[in-house]
Amino acid sequence: MSSQTTVTQNTTSGKSGDKVFKGLAYGAGIMILVALAAVTLFLLVRAMPLLTGSQKANEDTIVSFTGGQAHNFLQYVGPLVFGTILISALALLLAFPISVGIALFISHYAPRKLSTALSYVVDLLAAIPSVIYGLWGGIVLVPHITGFWKWVAQYLGWIPLFKGPAADPSRTVGTVSVVLAVMILPIITSVARDIFLQAPRLQQEAALAMGATKWEMIKLAVLPFGRSGLISASMLGLGRALGETMAVLMILSPGMSYSVKLLQASQNQSIAANIAAQFPEANDLGVSTLIATGLVLFLITFLVNFIARKITEKARA
Amino acid sequence: MSDSHPTIDFDKFKPTRSYIAARKRKDWTMRVFIIAAFVIALIPLVSVLWTTISSGVARLNLNFLSYNMSGVVGGNATPSGGYGGIVHAIIGTLLVTLGSMIISIPLGLMCAVYLVEYSHNGGLARAIGLLVDVMSGIPSIVAGLFAYALFNTLVGPGTVNGFVGSVALSLLMIPTVVKTSEEMLKIVPNDLREAAYALGVTKQRTITKIVLRTALPGIVSGVILAIARVIGETAPLLIAAGFISTTNLNLFSGRMTTLPVYVYQEYSQGLATCSATALQATPPCLPQIRMERAWAAALVLIIIVLLLNLIGRLVAKLFAVKTEN
């Protein structure tokens, strides 16, 4: 930018500089379009051999990836999609009530001075790199949470989700969702907090004046106002959880089934973690297969983010 | 019912004592739940920070910061007296991040300039706005796959180097830069632009000399926060930049280790095997060494990320331009 300015300063009028600068700005805008088109295009091109290439070779690749459990792409990607959605949905389920609680605490319960400090703490949680969450989950959380999962399996084992025996070490979907919940917590919290702070003051004061308790005031005047915002916030969180690689890769003991046994090891695997795990050893066709699963992931996150955006737009209108 | 003055029994409308008590109880329950939610969220944060610091400090010394991993075998000590280090990963992280900054900052900034100053909210601007949103939702591993696919198609098969990683990271960085810069440009008061135009200043000079200069602290802070976000990315670099144990200073050729990838690699290799004699040697062979290295590298990474966050916030606070509202 600064070189741009020095060039134009030498000319008598800024007209040409004006044009160049406008062109640059337009170009940058169009580059965004091009970049996203390129992402889709290059991924499609690299995934192409899966459709056009020899079906026998494709089958061999997938069989070698899964140890004979899957024979075509749909059989391969199906359990992965299921695992991805299961892990993310669980993480969202765990994170959502806590995030809303924290957001309400910051916006309505904590003293003003404290609430800015608390916002920083939440931001800090968002700043920690995912690989460190993975490391922490794998080394610290897994041994500590195993006892808890065993207790759950013993007393709640009649619910199919918590069917025992709980794995030890608990490198399971349950543990992974706890870590993912921690990771998406700050995203949901920060959006929810902003929305709760915007809730109309007059209505809140009116509710209090009518004798409502604080919780009733929140239920009557704050939560209804924030409903669509909360939905889009949780969609954003879900989008983040769907694409999370490292925490899943470093904690989960992977499997390829449609199982919902949260406490048993080797049941599910997510698309992102599967790509990272298989990529280093994959051959050319293997890379194509993995890129195709990446495209599926891209499609899922795109849909989730798109829905989130539509909901916020509707709320604004 | 012919009586024109019905007698109203107001006592009927009085809430019962138990009802009031129930409402109060509910209020308290929710208060406790909300405070508990906050405490629950603090547990992992404190635990992550504490374990990283306490486990990382053990291996974090000058030797660790000044050597790379070449010549490190299992848990054995190197001739320098240490157990390998992360200098190659630090250099890799800096170079890859620098590469992605060079791509994404000008592009993101100019895109924001276009959106705020030139687009007049036309169709193209709305399309770009939507796509920036889509881009910010791209899973990081897909960004890595894209960079890999791009360079493999254009340059040649098996192209894995630092710059491929930079491209992957810039895909993740651009949306953040665009969004924060856009916000910052929007809050520059219109009076400033109009005053400049009234003096006959060209649009380009108005933007570079007045609008961008006014918004600079906010933009710098946004960019630093964006850097802090991508510097901890692991998955895309695992695919695009690879892993190597020696120091690579060339961004455009050869694999390049970055700090997050280093943490992952050390973690995934598990315990080192040590023979009985090696365990007794001085300095001894340490079976746990890889975890210790992973924690120490994680500590360095966390320090870098938190410092960047701190600087970003300070810049925003200290140099903020006072606007009328």
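Which residue follows α7(B), and is its phi positive or negative? The residue is Gly200(B), and its phi is positive, near 85°. The views below are taken from a predicted model.

**View 1. Helix α7 of chain B and the glycine after it.** Helix α7 of chain B covers residues 190-198. This helix is hardly covered, and the count of buried residues among its nine residues is zero. Gly200(B), with a positive phi near 85°, follows α7(B). Across chain B, by contrast, buried residues make up 47% of the 325 residues.

**View 2. The fold of chain B.** Chain B has 12 helices and zero strands. Along the sequence the pattern reads α-α-α-α-α-α-α-α-α-α-α-α. The radius of gyration of chain B is 28 Å, whereas the globule rule gives 20 Å for 325 residues, so the chain is more spread out than a compact globule. Along the principal axes, the C-alpha atoms of chain B fill a box of roughly 110 × 70 × 40 Å. Of the contacts in chain B with a separation of 6 or more, 76% are between residues 24 or more positions apart.

View 3. An unreviewed UniProt entry places the feature "transmembrane region" at several spans of chain B, including residues 86-116 and 157-178. Over residues 86-116 of chain B the chain is 97% helix and 0% strand. The end C-alpha atoms of residues 86-116 are 43 Å apart. Residues 157-178 of chain B are 77% helix and 0% strand, and the end C-alpha atoms of this span lie 32 Å apart.

**View 4. The two domains of chain B.** The domain assignment gives domain 1 at residues 10-56 and domain 2 at residues 62-318 of chain B. Taken over C-alpha atoms, the centres of the two domains of chain B are separated by 38 Å. Four residues of domain 1 of chain B are in contact with five residues of domain 2 of chain B. The side of domain 1 that touches domain 2 has one nonpolar, three polar and no charged residues.

**View 5. The contact between chain A and chain B.** Chain A gives 69 residues to the contact, and chain B gives 69 residues. On the side of chain A that touches chain B, the largest share, 20 residues, comes from helix α2 (residues 15-47) of chain A. By class, this side of chain A has 48 nonpolar, 15 polar and six charged residues.

Conventions. Residues numbered from 1 in each chain as written. Chains lettered and ligands numbered in written order. Predicted model: local features only at pLDDT ≥ 70, side-chain atom pairs only at ≥ 80, totals over all residues. Buried ≥ 20, exposed ≤ 12 C-beta atoms within 10 Å, placed from the backbone. Helix = DSSP H or I, 4+ residues; strand = E, 2+ residues; numbered from the N terminus. UniProt positions renumbered as here; feature names shortened; annotations may be inferred. Domains from an automatic or database assignment. Contact = placed C-beta atoms within 7 Å. Nonpolar A, V, L, I, M, F, W, Y, C, P; charged D, E, K, R; others polar. Rg over C-alpha atoms; globule rule 2.2 N^0.38 Å.
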